[in-house]
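Colleague: I am new to this structure and would like to learn how to read it. Please take me through a few of its features.

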Amino acid sequence: MALSFMEGNEAVARGAIAAGCTFFAGYPITPATTIFANMLTMLPSKGGICIQGEDEIASMGYCIGASMAGKKVLTATSGPGISLYSEQISFAIGSEIPMVIVDVQRLGPSTGSATRGADGDVQFLRWCNTGGFPMVVLAPKDALDCYLLTLHAFNFSEMLRCPVFIASNKEIGMTRESVDLDSVKLPPIIERKYFQSNQNSNYLPFEAAQNSAPDFLPIGDRTLVRQTSSTHAPDGYITIDPNVIAQTQERLINKIESAQDKLTLYESNHRKGADTLVISYGVTSRAVEDACSKLEKNGHRISTLTLKTLFPVPQKLICEESAPYRRIVVIEMNMGQYIDNIERVFFKNKMHDKKIDFYGQMNGVLITPAKIMEVISNG
Amino acid sequence: MDSFLNTKRPPVFCPGCTHERITKAVDSAFVKMGLLPENTVIVSDIGCSGLFDTFFNVHALHGLHGRALTYAAGIKLSNPALNVIVTMGDGGLGIGGAHLLAACRKNLDLTLIILNNFNFGMTGGQYSVTTPSNAVVGSEFLNQAEIPIDVCSVAKSAGATWITRCSGHDAALSDILCEAINHKGFSVVETLGMCTGRYTKRNQLTPKVIDEMVEHLPAYRGVVEENQRPEYGDQYRKLASDKKNFPELFKVEKKFDLKDVKRQEIVILGSAGMRIVTAGDMVCYAAISAGLNASMKNDYNITVLRGQSVSEIILSPEKIGYAGIESPTVVIAISDEGVQRRAKLFGKLSPSTLVLKEKSVPIPETSANVVEIDFKEYQIKKQDWALASLGFIASRGEGITMEMLDFALKSRFKPAVYDSAVEIVNKLAKV
């Protein structure tokens, strides 16, 4: 075993390189800047391109152009930058432009606190687009996850032709820790599916099988490619045909929702005899696991579920993992953003008998294991 | 090729709109230059200028208002062989002002055709950044309170290498566009035209008036001598090609066996300029060399040369979960600012905690085991206090040993720096 020592942001950059990312554009912002800084040391020597945009909107525009030219692209920012990204994110969703976007979350609202962590953007990431289309949001809990989930994020993004978010946190991105990158089994790299031309078919840039993303050809290919942010038909030209529009909208939703099983990443620790399951994500899940280990030493068995995929909501997983438990405790580094999704899953699946407790904290410091033990023990 | 025009999608402009003439001039330029459709991209954004991408049989990207230049830059950087032509209106010009400035400064090989018709045609003829103050437009009196910009002069001052201003009715427009596309670098063609649907209904604007405007405005016709310089893509690739070394992952194998390893929580309380983060790094690398896990959280001011600098380090044989400090085993107090930042910590320390404090640094009352050292007496410079402290804790086996520390210094510092670092850590090693 050989350990390296790095912050989560460096791990994201290394994960991106391992995934075959060749283009980065971003704008400096604490606590995400070191992703940019790392990409700037890594991409040029590999023939990749790393650009500082004149602002966040431009950074996204560069990424969109590069992705449409066939590159695997990464960008990184924090909450204030996501605000500016959002118009371009809507474009990337509606026009099926793959990219990975890292949000190293900091305490909000607004400019908030540049060097204080939070998981306050979770629902912002989910609903960041006009039209309310589903998003894929992955949440790392440590540097190793930053590496691994970045690889998954690129895979999901290429597979579904959509932007994929990594909801990191200052407390992961800028915390250095020992990490054994060789210890993880990496997923096989998924590449964008290119259109295979044959004599019988013309390329329609948005023609796709049901619940799937369209096959890709880059701008600059021998076959002409159209890309547009406007409501479009499979040929890439504006349409007002309600049936065509409805089909596209449904496909944009279904391609993500129907992939839920493939997209669901998590860790769980079921302790025998436990009647309580603590559900958490991100850096908070580390304190949760510490708290439950300490409780176990005192003879109090509590199980844990750590969600790595926040969206699309892993409904099946939440139902299955929660089923044996009387009580569900949700801990979040915000004032309660994901708890509603969990309650909705229980409601939809008629799991009305669960006692649900919640603790949220967003004051610039990590939630301590002691606090979590107190919340669990007071139930 | 006779024409690049998409016969299935003919122009849909209002009768008399200058945009239609420009469409034809663009087509004629493409034909004259013998461009290949597959090597050519039109990038457009919102407004009537945003319809251009649909009229041509070339690659096309139509995006958000004012952002066309950003997509175009991403495409061109990714595929330098493409001819990338951008159309923007005076609306896009205003909202995308930062992108125009960036494109001028970069000098990436893009061609920007500005279709300036002095108002927002699509939304009701509101005033734009180029609307004259005395024009009658759809924004009541608002344009009277502002002045228009001369976009060519803006582009020049921002570093554009090729600028032409002309009438959209200029008979030589297609030749001008050929020149613009041929120019290696960022080229700007500002065409002045008539929005017959909105603007000319209430303003006296004819091709003749436009010619007079072009004549009276500062003249821009082609190469801007004083801005000539290498194209951005070439320049970027040249600079980037010198960066040959990928920062390979630095891996540390377990080299030392420690007995009775316990979790350590080490807090270094310093201030800017004391190289606290470097010292923290060394502690962690030392620990990793003994197969321990390590984590380090840093707290410093955004203005990096002032204020506190605090490192919170955990070393543990177990996997580290919560990365906050719960019960410190070692506190290194070498700056008042750092101590103030964590003042509450001291009251909670137990007698088993070692506090190393510099003589000049006051600390709150504590029941910890406090060792005071006068760093000046050992002739240690303030910027080396953190590093010197590591010698003190390593020599006492607090979490790390001297061997481990030496390994960390040797593997992370260049030889010359290593030698002086060893000298520094040794100063307090025997105290």
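Modeller: The largest nonpolar core has 239 residues, of which Val136(A), Leu138(A), Val41(B), Val86(B) and Ala287(B) touch the most other members. A nonpolar core is a set of buried Ala, Val, Leu, Ile, Met, Phe, Trp, Tyr and Cys residues joined through C-beta atoms within 7 Å. A residue is buried if 20 or more other C-beta atoms lie within 10 Å of its own, exposed if 12 or fewer, and partly exposed in between, with C-beta atoms placed from the backbone. Helix H6 (residues 143-160) of chain A gives this core its largest share, twelve residues. A second, separate core has 13 residues, including Phe13(B) and Tyr199(B).

Colleague: What kind of model is this, and how are its residues numbered?

Modeller: The model is predicted; local features need pLDDT of at least 70 and side-chain atom pairs count only at pLDDT 80 or more, while totals for chains, interfaces and linings use all residues. Residues are numbered from 1 along each chain as its sequence is written, and chains are lettered from A and ligands numbered from 1 in the order in which they are written.

Colleague: Which residues is Val136(A) in contact with, leaving aside its neighbours within four places in sequence?

Modeller: Two residues are in contact if their C-beta atoms, placed from the backbone, lie within 7 Å. For Val136(A), the contacts include Phe156(A), Ile256(A), Phe311(A) and Pro312(A).

Colleague: How do I read a helix such as H15 of chain B, residues 415-427?

Modeller: Helices (H or I, at least four residues) and strands (E, at least two) are DSSP runs, numbered from the N terminus. The expected span of a helix is 1.5 Å times one less than its number of residues. H15(B) has 13 residues and reaches 19 Å from its first C-alpha to its last, close to the 18 Å expected. Ala421(B), Ile424(B) and Val425(B) are the buried residues of H15(B).

Colleague: How many residues of H13(B) are buried?

Modeller: Ten of its eleven, which makes H13(B) mostly covered. Among the elements that its buried residues pack against are strand E9 (264-271) and helix H10 (276-288) of chain B. Just after H13(B), Gly397(B) takes a positive phi of about 70 degrees.

Colleague: Into which domains is chain A divided?

Modeller: Domain bounds come from an automatic or database domain assignment. In chain A they give domain 1 (1-263) and domain 2 (265-377). The domain centres, taken over C-alpha atoms, are separated by 28 Å. Across the boundary, 29 residues of domain 1 are in contact with 23 residues of domain 2.

Colleague: How many residues does each chain give to the contact between chain A and chain B?

Modeller: Chain A gives 58 residues and chain B gives 52. On the side of chain A that touches chain B, the largest share, nine residues, comes from H3(A). That side divides into 27 nonpolar, 17 polar and 14 charged residues. Here Ala, Val, Leu, Ile, Met, Phe, Trp, Tyr, Cys and Pro count as nonpolar, Asp, Glu, Lys and Arg as charged, and the others, Gly among them, as polar.
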